[in-house]
Amino acid sequence: QTRVYGRDRVKFIESLVVGDIAELKPGQGTLTLLTNEKGGIVDDLIVTNTLEDHLYVVSNAGCADKDLAIMRGRAAELRAAGSDVHLEVLDNALLALQGPSMARVLQVGLPDDLAKLSFMNSITTTVFGVPGCRVTRCGYTGEDGVEISVPAGRAVELAERLLGVPEVWPAGLAARDSLRLEAGLCLYGNDIDETTTPAEAVLLWTLGKRRRAAMDFPGAAIIMAQVKEKPKRKRVGLTSVGPPGAGASGPRSPPCVLMSPGTVTSGCPSPSLGKNIAMGYVEAAHSRAGTVLTVEVRKKQHPALVTKMPFVPTQYYMAK
């Protein structure tokens, strides 16, 4: 978690990511992509235009070191050219509270009205007596939920307070992984990485209209050429119609092989649907929903159906 200060903070972050950060309203955030000069995705970030005097950036933990090196290098370049920008790395933990009971559980410990907090918006507040927390209505499960940035020294205290509520259960990465896959959300390192572009990953919605026209983000020429000419491969959802395990590589296991050709990048049994679901890349000609493909799992071939995502409808909350 990083704060970006200075009058040129928006110019700084827009020199690294594809999103229109300047258009964000106070308190509003967006998922955006940090790209390289080849159009590859270095990381997916959440950037928030806070109600205070800074931008708030959340990186994937596994990418934190490389992201910070890139941001520090770019900030130094801009300062050398006379720009006003500087970074502060937070010593904060991040707790995600997700699911249909979230608002009822959290509201008890908040002085603010959660009903007024829409998806991808955030506030700084006190949570169950812990001051200085940032509550952002987001999370990588497809459900209504929040991510709570809490001073590291009080993270265990807050986690234990939340787990003291009967409806709240601890959940690890495997549980989160099945939920995000049902919601059609990419996992960095599996479904997107520095060898995949936003066009291939079907993430062109992250490109701001103004940014597309300006072509002023890393890899813009390559990415915009793919927008015009269409990429040769695309990320798709897959539903296995074979026996248990078909098309499912497991949240963290090696990818299966698509015989179309292509590659399965994520897969697991869907707890909500009672069938196997997966995500992967296929040649664009085979990417239409309803296309039947063949998936090889443990040296056996099984049929799989290209399926629209999300597999399970999302439940993001929009304030009225």
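Trainee: What makes the four strands an open sheet, and in which order do they stand?

Mentor: In this predicted model, the order is 6-9-8-7, with antiparallel pairing. Strand 6 (92-98) and strand 7 (122-127) are the edges. Each has a single partner strand, so one side of each is left without a neighbour in the sheet. Neighbouring strands are turned by 30° against each other on average, direction ignored.

Trainee: How do you know that strand 8 and strand 9 pair?

Mentor: Count the bridges. Pairing needs at least two bridges. Strand 8 (residues 130-136) and strand 9 (residues 145-151) have three, in the antiparallel sense. So they pass the cut-off of at least two.

Trainee: Which residue of strand 9 does Thr-136 stand opposite?

Mentor: Thr-136 faces Glu-147.

Trainee: What makes a set of residues a nonpolar core, and which residues have the most contacts inside the largest one?

Mentor: The residues must be buried and of the listed nonpolar kinds, joined through side-chain atoms within 4.5 Å. The largest core has 21 residues. Those with the most contacts inside it are Leu-97, Leu-106, Val-127, Val-135, Val-146, Ile-148 and Leu-158. Helix 3 (102-107), strand 7, strand 8, strand 9 and helix 4 (155-163) each supply at least two of its residues.

Trainee: What is Val-135 in contact with, beyond its neighbours within four places in sequence?

Mentor: Among its contacts are Leu-106, Val-127, Val-146 and Ile-148.

Trainee: Why is Cys-63 called buried?

Mentor: Buried means under 20% relative accessible area. Cys-63 has 5% relative accessibility, so it counts as buried. Cys-138, at 4%, counts as buried by the same rule.

Trainee: How far away is the nearest cysteine sulfur for Cys-138?

Mentor: That sulfur belongs to Cys-133 and is 14 Å away. Cys-138 is in no disulfide. The structure as a whole holds zero disulfides.

Trainee: Where does UniProt place the feature "domain: GCVT N-terminal"?

Mentor: The record, an unreviewed entry, puts this feature at residues 2-208. In the model, the end C-alpha atoms of that span lie 22 Å apart. The span is 23% helix and 27% strand.

Note on methods
Residues numbered from 1 in each chain as written. Predicted model: local features only at pLDDT ≥ 70, side-chain atom pairs only at ≥ 80, totals over all residues. Heavy atoms only, no water. Axes fitted to C-alpha atoms, helices over the stretch in contact; angles between N-to-C directions. Buried < 20%, exposed > 50% of the residue type's maximum accessible area, 1.4 Å probe, protein only. Contact = heavy atoms within 4.5 Å. UniProt positions renumbered as here; feature names shortened; annotations may be inferred. Disulfide = S-S within 2.5 Å.
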